[in-house]
Amino acid sequence: MLSNAEIGIDLGTANILVYSKTKGIVLNEPSVVAIDINSKNVVAVGAEAKEMVGKTPQNIVPIRPLKDGVIADYDVTAQMLKEFLKKVSKKMGLSMRKPTVVVCTPSGSTTVERRAIHNAVSSYGAKHVHLIEEPVAAAIGADLPVDEPIANVIVDIGGGTSEVGIISFGGVVSCNSVRIGGDKLDEEIIQHIRKQYNILIGERTAENIKIEIGYAHPDHKEETMEVRGRDMVTGLPKTINVSSSEIYNALKESLQQILEAIRATLENCPPELSGDIVDRGIVLTGGGALLNGMKDWLAQEIIVPVHIAPNPLESVAIGTGRALKMISKLQKAAK
Ligand code: ADP
Ligand code: MG
């Protein structure tokens, strides 16, 4: 007989990952869905839908239902989740019947939002659904000893939000979530190019600029990049050269706000745990941890050691999957 599957879902604002206990990461796609507004049908999900952003006819709209870290549109989120679970099912075959699912929810999410996530997954036929908080999943996925009575500080910089959590003895001691992440950085780049050059660029281009020549640290080797957009005066396509120092200036303020969230959490830390942080430092995860110079800049600002998780884009999904083992252990113990 086939055993029931156990899967973990990282419901991220930018990317959704599904982790299976037996197969590892079985899905990793952008949290985007393209909808035909006339028929209300889902036209595409994930990578295929992200490819369409900024390029579709008027009746087809790519939507990011989790964009700001909240479930802006419950129906669309549920439809998107269903399509992804369908894909996972196909990949995993029969072993996906009545799975036990652990879903990671943003720490700032409300009871209503958490219930909405729970319902969307249950309605797909999951046998058990457990929700765990993002900082806990991120810390487990980053190999931190969350069960021990020591301060594990995790900073998860995602698309829509950045979350800072201190975890000790299996639980969240203190945490902070700000609605600033990679999306805000992209937005700042779009605004800068528009103001400085009178040129409009799309979200994808902005993200590429950020990844290529975006820096968190003012001291870096100057780089330039060729960027194409639409001239707002002539309406024609135009190519310009953009430098890393001007992008640094565009990102500076948002990065400062993430830094403030980290500072505030560290200041809220019980004194007994503060000593641990001085020794052990903090761990960065989420796609934003990959911004050039992030680690060195933060280490300089908060004066404690800063480490980057082994796999920043996957730690939450891996942690969610591993949490499953802990949950089933607890359940067995309770029987
Ligand atoms: P979420 O958990 O909210 O879905 P992720 O942890 O998947 O978010 O991170 C997505 C964000 O990370 C996006 O804003 C993306 O642009 C950003 N990102 C990914 N790779 C890099 C990189 N190399 N440099 C800077 N930002 C990056
Ligand atoms: Mg995330």
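How many residues has helix α2, and how far does it reach from its first C-alpha to its last? Helix α2 (residues 74-92) has 19 residues and reaches 26 Å, close to the 27 Å expected at 1.5 Å a residue. Helices are DSSP runs of H or I with at least four residues, and strands are E runs of at least two, numbered from the N terminus. The expected span is 1.5 Å times one less than the number of residues.

This is a predicted model, in which local features need pLDDT of at least 70 and side-chain atom pairs pLDDT 80 or more, while totals for chains, interfaces and linings use all residues. Residues are numbered from 1 along each chain as its sequence is written, ligands are numbered from 1 in the order written, and side-chain values use heavy atoms, without hydrogens and water.

Buried residues of α2 include Val76, Met80, Phe84 and Val88; buried means under 20% relative accessible area with a 1.4 Å probe, protein chains only. Gly93 follows α2 and has a positive phi, near 65°.

The lining of the largest pocket has 45 residues, with Ala14, Asn15, Gly158, Gly159 and Glu207 nearest the centre. Helix α5 gives the most to this lining, seven residues.

Around ligand 1 there are 17 residues, and Thr13, Ala14, Asn15, Glu207 and Lys210 come nearest; a residue counts if a heavy atom lies within 4 Å. Polar contacts (N or O pairs within 3.5 Å) are tabulated below.

| Residue atom | Distance to an oxygen atom of ligand 1 |
|---|---|
| Thr13, side-chain N or O | 2.5 Å |
| Ala14, polar backbone atom | 2.7 Å |
| Glu207, polar side-chain atom | 2.6 Å |

Definitions and conventions:
On a 1 Å grid over the protein atoms alone, a cavity is a set of points where a 1.4 Å probe fits but cannot get out, and a pocket is an open set with protein on both sides within 12 Å along at least five of seven lines; lining residues have an atom within 4 Å of a point. Buried means under 20% relative accessible area, exposed over 50%, partly exposed in between (1.4 Å probe, protein chains only). A polar contact is a pair of N or O atoms within 3.5 Å; within protein, one must be able to donate a hydrogen and the other to accept it, and residues adjacent in sequence count only if both atoms are side-chain atoms.
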